[in-house]
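Reader: Hi! I'm new to this one, could you walk me through it?

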Amino acid sequence: MSELVTRTAAELRDLLAAGEVSAREVAQAHLDRIRATDGRVKAFLKVLDEQALAHAGDVDRRRAAGEPLGPLAGVPLALKDILATKGIETTCASRILETYRPPYDATVVKRLRQADVVVLGKTNMDEFAMGSSTENSAFSKTYNPWDLARVPGGSSGGSSAAVAAFDAPLGIGTDTGGSIRQPAAFCGIVGVKPTYGLVSRFGLIAFASSLDQVGPFARSVTDAALLLDAIAGHDPADSTSIPEAKPDFLAGIDKGVQGLRVGVVREFMAEGMEPGVRARVDEAVARLEKLGATVVDVSLPHASYGVAAYYLIAPSEASSNLSRYDGVRYGLRVPGETAEEMMANTRAAGFGPEVKRRIMIGTYALSAGYYDAYYAQAQRVRTLIIRDFAEAYAQCDVLVGPTTPSTAFTVGEKVDDPLAMYLNDVYTIPSNLAGAPALSLPIGLDEHHLPVGLQVMAPVLGEPAMFRVARALEADLAFDPTPRGANALETPGGAAA
Amino acid sequence: MALSTDDVRHVARLARLALSDEEVEALRSQLSDILAYAEQVGEAAGGDVPPTSHAYPLANVFRADEPHESLSPEEAISTAPEAEDGRFRVPKIVGGEA
């Protein structure tokens with residue numbers, strides 16, 4: 001196995017620019033790694049061998065000819081199958097879109113191409129991004145490279161497992177209630193949910209439109225910032241896209257935490273966390289203080305209502321968004337005598353149990369007589385959580401806490417208990433409700449050799465401080481992202497450590 | 001909030017989901033649990049708190065009214081399960097149960 005797969009995106013970019021390796025060699029090394037390991041990890045729904053090698057060959061040709069290239073020219077990436085790719089199946093891991101080939105590219109996909117990122121394939125996910133384990137995919141489960149009997153998290157579990165397995169240095173996920181940060185934490189990599197509106201949602205298959213946001217996975221903080229820089233920025237095709245210029249994510253990233261105030265969220269540290277998670281988070285906070293940050297205790301008193309508010313708002317928006325799958329314009333159609341019967345039959349056959357459950361919750365919450373008690377109340381709670389954050393940020397620059405209450409759980413463990421699965425998102429949901437950025441950084445392992453994630457949260461458009469704190473801690477902790485342990489995937493280039 | 005099977009069937013009809021009896025029963029119990037948990041939003045915020053629909057509100061987002069490239073009719077219809085004469089084809093709507 002080529003050692004090229006162990007490189008970060010920044011290293012590959014530099015090797016490629018220096019002509020020490022070709023983009024085709026880089027793509028081939030990663031495709032070989034996928035071939036060798038994906039039978040067990042099952043991160044990919046579709047590997048795009050031909051397209052990837054052709055694009056890489058084109059990058060090499062243009063480099064040789066001295067033509068201009070994108071900032072990440074020749075760097076491979078794993079793309080969540082929720083983003084529209086022209087002429088290439090985009091399934092959202094759902095039967096209802098199994099054969100759907102969009103006639104257009106998502107803006108994020110266009111920007112990746114402008115950056116000359118080489119897309120290796122489309123990755124598995126919970127159907128329509130609804131889930132926290134990738135077990136809700138209609139096509140396959142995905143397995144955690146750190147322990148193949150465990151889930152990679154979700155909903156972006158395919159992309160996070162691919163990056164953790166060294167199939168690709170970069171991945172794209174989406175985060176509506178934690179779907180980038182939670183799988184990043186479970187897989188020992190970096191995952192970022194950017195400020196709402198920073199990355200275009202055009203061509204992102206909608207789940208909950210006021211919460212959905214595209215973001216990067218990587219094995220280093222700097223790589224995540226580089227990828228975010230490539231995809232962020234105003235898009236006229238998305239009316240919720242922030243019109244102001246995007247922040248500079250990289251300029252101050254190595255400046256350290258001296259002089260920064262880091263708030264520790266009291267409620268996140270109170271209860272419900274596994275001891276192994278708590279120990280690593282406590283150590284990370286102590287390291288930040290040692291590195292020169294001022295650590296302050298802050299409160300988000302309404303955060304505990306976040307899960308309840310989220311599981312009304314997100315299903316309500318989903319029930320509306322998913323009404324488009326009616327068997328008329330694209331996707332599956334199951335016949336019926338009347339149009340209504342055809343629609344009901346199509347949706348019954350095309351959606352899996354979790355998607356049906358959320359459509360039902362949302363339809364109920366929005367139905368006559370219940371709207372005020374559920375949806376309107378949930379939106380009031382959203383206001384209270386935004387106010388909580390504003391008060392907290394009067395005292396500090398960033399907030400930290402655990403990303404998840406536990407490390408990766410075993411396949412099948414929570415699949416029959418929807419509410420227990422939902423409570424996995426307790427620490428990640430508040431940032432979605434507030435539209436604010438948050439990142440998960442791997443900070444060590446628990447007693448089962450499973451990665452623990454620290455969540456670094458920042459105010460709207462506060463990504464530079466968020467990256468700076470994460471980068472300082474990353475440099476200090478020197479976490480090794482190579483999966484290891486009794487049931488881990490073999491390391492690239494040798495047997496399991 | 002305890003739902004009845006009739007409640008579940010009513011919501012399923014609104015959502016255009018054909019459900020089996022087993023699904024109706026499973027959803028009755030799961031939705032009752034989930035909604036009972038979600039009801040705590042009622043105690044969290046008083047009526048004086050304004051609701052937030054978007055965390056980063058942008059109002060009146062318009063584009064210039066200029067012709068630009070878009071999908072051709074052929075491309076737009078290329079993904080249809082059934083099409084005829086450049087149109088989406090569906091079972092009868094008029095005359096069926098409204």
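Predicted model: local features only at pLDDT ≥ 70, side-chain atom pairs only at ≥ 80, totals over all residues.

Reader: Which residues of α7(A) are buried?

Author: They are A:Val221, A:Thr222, A:Asp223, A:Ala224, A:Ala225, A:Leu226, A:Leu227, A:Leu228, A:Ala230 and A:Ile231. Following the helix is A:Gly233, with a positive phi near 125°.

Reader: Let's pick A:Leu226. What is it in contact with?

Author: Leaving aside neighbours within four places in sequence, A:Leu226 is in contact with A:Ala9, A:Ala10 and A:Leu72. Contact here means that the C-beta atoms of two residues, placed from the backbone, lie within 7 Å. A:Leu226 has 24 other C-beta atoms within 10 Å, so it is buried.

Reader: And where is A:Ala344 relative to A:Leu226?

Author: The two are 118 residues apart in sequence, and their C-alpha atoms are 44 Å apart in space.

Reader: A:Ala9 came up. Which residues are buried in α1 of chain A?

Author: In α1(A), residues 9-17, the buried ones are A:Ala9, A:Leu12, A:Arg13 and A:Leu16. They are on the same side of α1(A), because they cover an arc of only 105° around the axis; the arc is that of the directions from the helix axis to the C-beta atoms.

Reader: Why would residues a few places apart point the same way?

Author: An α-helix has 3.6 residues a turn, so residues three or four places apart point the same way.

Reader: Nice. What covers the buried residues of α1(A)?

Author: The cover includes α2 (23-41), β4 (170-174), β6 (214-218) and α7 of chain A. Just after α1(A) comes A:Gly19, whose phi is positive at about 75°.

Reader: Back to α7(A): at what angle does it cross α15 of chain A?

Author: Their axes cross at roughly 150° and come within 9 Å, with α15(A) spanning residues 463-477. Axes are lines fitted to C-alpha atoms, for helices over the stretch in contact, and angles run from 0 to 180 degrees between N-to-C directions. That crossing makes α7(A) roughly antiparallel to α15(A); the cut-offs are under 35 degrees for roughly parallel, over 145 for roughly antiparallel, 65 to 115 for roughly perpendicular, and oblique for the rest.

Reader: Which residues make that contact?

Author: A:Val221, A:Thr222 and A:Ala225 come from α7(A), and A:Phe467, A:Ala470, A:Arg471 and A:Glu474 from α15(A).

Reader: New topic: where is the cis peptide bond?

Author: The bond from A:Gly154 to A:Ser155 is cis, with omega near 10°. A:Ser155 sits in the loop between β3 (118-123) and α5 (157-164) of chain A. A:Thr134 is in the loop between β3 and α5 as well; its phi is near 65°, positive in a residue other than glycine.

Reader: Is A:Thr134 buried or exposed?

Author: A:Thr134 is buried, with 34 other C-beta atoms within 10 Å. By contrast, A:Ala478 is exposed, with 6 other C-beta atoms within 10 Å. A:Ala478 also has a positive phi, of about 50°, though it is not a glycine.

Reader: How many helices and strands are in chain B?

Author: Chain B has four helices and two strands, in the order α-α-α-α-β-β along the sequence. Buried residues make up 19% of its 98 residues.

Reader: And how many residues does each chain give to the contact?

Author: Chain B gives 45 residues and chain A gives 60. On the side of chain B that touches chain A, α2(B) gives the most, with seven residues.

Methods. Residues numbered from 1 in each chain as written. Chains lettered and ligands numbered in written order. Buried ≥ 20, exposed ≤ 12 C-beta atoms within 10 Å, placed from the backbone.
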